[in-house]
Amino acid sequence: MDLNKIHTFVVVAEKESVSKAARTLHRSQSAISQQIQILEDELGLALLERKHGRIYITSEGKEIYQKAKKSFSELNDLVAQIRNDSKLVEGHIRLGALKDHATGFQISQHLGAFRKQYPKVSISMFFGTSAEIETRLIEEQLDIGILINFKFRDLFTAHS
């Protein structure tokens, strides 16, 4: 079942008019009428009666309207709650990363997106070598460390 068609029906029922619903939903009257007709066909129920240029909601239509309106309201409340909950997350993250220009640039892009989603979380950055980051993680001076750990460290030479 297409929620868009049900939403269209809810708006038509609230406005008690296809033309008013069309204006509200920024669609043509024919598109609204077509969606309602398809929904009625899918359900096998008449949701609206058309008499003398007006529409009336059938008893089945009223039941579906009430249930759909309640469900959409509950869904909107849930989405609002989830959005608010993400704003309630707060704290401080201590992040360590390799001393590298590219790493710093890439991390800053991701941290910017993270801060938009969680504005109450502050982040402090430490840039250093893998050994420095590892030491700070062990000493609990960092919460997260991004470093490179080579399996065959003796094959590589570090340059500062």
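Modeller: Let's begin with lysine 5, which sits in helix α1 (helices are DSSP runs of H or I, at least four residues, numbered from the N terminus). Before we go on, this is a predicted model, where local features need pLDDT of at least 70 and side-chain atom pairs count only at pLDDT 80 or more, while totals for chains, interfaces and linings use all residues. Residues are numbered from 1 along each chain as its sequence is written, and side-chain values use heavy atoms, with hydrogens and water left out.

Colleague: Fine. Is lysine 5 buried or exposed?

Modeller: Lysine 5 counts as buried, at 13% relative accessibility. Buried means under 20% relative accessible area, exposed means over 50%, and partly exposed is in between, using a 1.4 Å probe and protein chains only.

Colleague: And what does lysine 5 touch?

Modeller: Leaving out residues up to four places away in sequence, lysine 5 touches Gln35, Ile38, Leu39 and Glu42. Contact here means heavy atoms within 4.5 Å.

Colleague: Which residue meets lysine 5 in a salt bridge?

Modeller: Glutamate 42 does, at 3.4 Å from N to O. The lysine is in helix α1 (residues 3–15) and the glutamate in helix α3 (residues 29–43), so the pair ties together parts 37 residues apart in sequence. For the term itself, a salt bridge is a side-chain nitrogen of Lys or Arg within 4 Å of a carboxyl oxygen of Asp or Glu.

Colleague: How accessible is glutamate 42?

Modeller: Glutamate 42 is partly exposed, at 47% relative accessibility.

Colleague: OK, switching topic. How many salt bridges does the structure hold?

Modeller: Seven. One of them joins lysine 69 and glutamate 14, with N to O at 3.1 Å. That pair links distant parts of the chain, with lysine 69 in helix α4 (residues 59–88) and glutamate 14 in helix α1, 55 residues apart.

Colleague: What about lysine 51, which residue does it pair with?

Modeller: Lysine 51 forms a salt bridge with glutamate 49, where the closest N and O atoms are 3.4 Å apart. Lysine 51 is partly exposed at 42%, and glutamate 49 is partly exposed at 35%.

Colleague: Last one. Which residues are joined into one network?

Modeller: Asp2, Lys5 and Glu42, through salt bridges that share partners.

Key: Helix = DSSP H or I, 4+ residues; strand = E, 2+ residues; numbered from the N terminus.
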